[in-house]
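Please open the structure in a viewer and keep the selection panel at hand. The stops below state what to select next and what is found there.

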Amino acid sequence: MTSTDKEIKILAIETSCDETSAAVVVNGRDVRSNIISTQIPLHTLYGGVVPEIASRKHTERINQVIRQALDEAKMTLSDMDAIAVTYGPGLVGALLVGVSEAKGIAYAANLPLIGVHHIEGHISANYIENKDLEPPFLCLVVSGGHTHLVRVLDYGKYEILGRTVDDAAGEAFDKVARTIGLGYPGGPKIEKKATLGNPDAIDLPRAKVGGSEYDFSFSGLKSAVLNYINKAGMKGETVDPADLAASFQKAVVDVLTDHAEHAIDSFGVSEFAIAGGVASNGALRASMEEMCDRKGVKFYRPSPILCTDNAAMIGAAAYYEYIAGRRDGWDLNAVPALALGER
Amino acid sequence: MKILGIDSSGLVASVAVTEDDNLLGEYTVNYEKTHSETLLPMVDDLAKRLSLDLNTLDAIAVSKGPGSFTGLRIGCATVKGMGLALNKPVIGVPTLDALAYNLWGMTNLVCPIMDARRDQVYTGLYRFVKLKDEFHMETVLMQCAIGIDELVEKINRFGSDVTFLGDGVPVYEDYIRKNSRAPFSFAPANLNKQRASSVAALGGVYFKEGKTESADSLKIDYLRLSQAERERNEREGKE
């Protein structure tokens, strides 16, 4: 990458799910602001994200969040070089708010528009705190909607080794949390409960999938948890939710770690990163770190705030799109099922 | 006074620019392509055609609901973004008021209806009254979501001539023909759907009355809760 004399300043917007976020990022790695307005307390009332409510709240909050991002960065729109926005994958109604807003701003401020892939954003979150990290590296993206094992070949160039064939890892956390009465959002609730339990107390399956050797499946594990509860109920035994949470979490972490390790071995990877909401899970971070230490692989993980959906990661990804000369038109649309590496 | 008007509340995407009492240009498309793909390119086309410097706008008027939830959000978020970038005030125009304004000067009762699904219409009742040689639009029934039966019942009670317009007409025309006891008519193709020129012109009236707001505070009038909220309220025994 050639160094640029000029600082490239990007205002990034992210509204793909239930966080309204805006950030100012300079040269892809220097985050000047990263405002995240979460709707989680609102959706907790419904046991999960309600798309229509998410879309409504984004529309109400977005201008304030953007202004706050500019204020905190001590900049105005006239300082910006581009406007970036997540255009997929995600909830279509939620994505459309950010996309429409970004287009309105970019058009009126006469700035280039860059649509960013949400998963590319998650992967790029690793660049922010690790100035030395550059492709190629291996990345595991785990969130409420995604579970991808990806070879990052270059900026904007990806090879997907494996993905979930059913539930995303985060989705499994949410469903199991609901089943054992912990509520939403499942990830943090299970993690907290698991600290009180024995991860080896209950024997749960580590599913192997027929397709790619790197693919994941979590619906079987979810069913196994349900079966365990039902069986215990029929036998009149009580279930210890802490043991169940810990055992379930360990089963997920084991599968994710095994797949990552397998890919590291097969491709001779020397740098490995994790990303996405589930990447803030302490047990997963510890397991991956132990595995990487054992193999002499350099391990990267974003701070928890950069694991959650946020606009700084979108600004990071957008910078590399910007210097590659990619721009979007005023007809940019939201693409709810956008595949990684697809335009 | 230069105003950009935008309406994406229904199937129609429409953009217009007015300057005082002149319509400088209008672009209306009624075609099944998403507003996300068409609306801003239409603004761009029109602005280029008019050599419009966006900084010379006094305000941006937008149809703020009711209508298609997604369509409204595309329009309002675009306007919020433009208003923020241009530092210009915005004017939220009630969708049904703007539709009624299509029939400015009509002596009949004007009744725009939009199909709201769930056996309801978004509607309102308006009439134009002459004051000092000028027509003013008067709201007889504020925009609301009600059953078509309830609406026709109200109109029957008024008993006066009524002209219907809006995308709800093809859906409920048969019902109206069967049940209306007041004389009625339907507006023609050139006037019977959302027009951004009406949004901009009515926006101009609001502008003169000082009824503008910041892009940040612009809110959509859905006239309806989300399904999840509605069901939750029902569960908890609220109305």
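Begin in chain A by selecting the strands β8, β7, β6, β9 and β10, which in this order form an open sheet of five strands with mixed pairing. Helices (H or I, at least four residues) and strands (E, at least two) are DSSP runs, numbered from the N terminus, and two strands pair if DSSP finds at least two bridges between them. Because β8 (157-163) and β10 (298-300) of chain A stand at the edges, each with a single partner strand, one side of each has no neighbour in the sheet. Neighbouring strands are turned by 20° against each other on average, direction ignored. For such angles, axes are lines fitted to C-alpha atoms, for helices over the stretch in contact, and the values run from 0 to 180 degrees between N-to-C directions.

The model is predicted: local features need pLDDT of at least 70 and side-chain atom pairs count only at pLDDT 80 or more, whereas totals for chains, interfaces and linings use all residues. Residues are numbered from 1 along each chain as its sequence is written, while chains are lettered from A and ligands numbered from 1 in the order in which they are written.

Next, select strand β9 (residues 271-275) of chain A together with β10(A): the two run parallel and are joined by three bridges. Within this pair, A273(A) stands opposite Y300(A) of β10(A).

Colour chain A by domain: the assignment gives domain 1 (9-125 + 307-323) and domain 2 (135-302). These bounds come from an automatic or database domain assignment. Taken over C-alpha atoms, the centres of the two domains of chain A are separated by 27 Å. How many residues of domain 1 of chain A are in contact with domain 2 of chain A? There are 14, and they meet 21 residues of domain 2; two residues are in contact if their C-beta atoms, placed from the backbone, lie within 7 Å. On the domain 1 side, α1 (40-44), α4 (118-129) and α11 (311-323) of chain A each give two or more residues. Of these residues, α4(A) gives the most, namely four.

**Where chain A meets chain B**

Show both chains and select the region between them, where 31 residues of chain A are in contact with 30 residues of chain B. On the chain A side, the elements that give two or more residues are α2 (51-72) and α3 (92-109) of chain A. The largest share, 13 residues, comes from α3(A).

To see where they meet, select residues of α2(A), including E52(A), S55(A) and T59(A), and residues of α2(B), including F69(B), R73(B) and C76(B).

**Into chain B**

The domain assignment of chain B gives domain 1 (2-95 + 193-226) and domain 2 (103-186). Their C-alpha centres lie 24 Å apart. Here eight residues of domain 1 are in contact with six residues of domain 2.

Leaving aside residues up to four places away in sequence, G67(B) touches S9(B), G10(B), L72(B), T95(B) and M114(B).

From M114(B), move to its bridge partner in β7(B), Y122(B). Strand β6 (residues 109-115) and strand β7 (residues 120-131) of chain B pair in the antiparallel sense over four bridges. Finally, select helix α4 (residues 148-158) of chain B, which lies across β6, β7, β8 and β9 (162-165) of chain B and runs at about 140° to β8(B).
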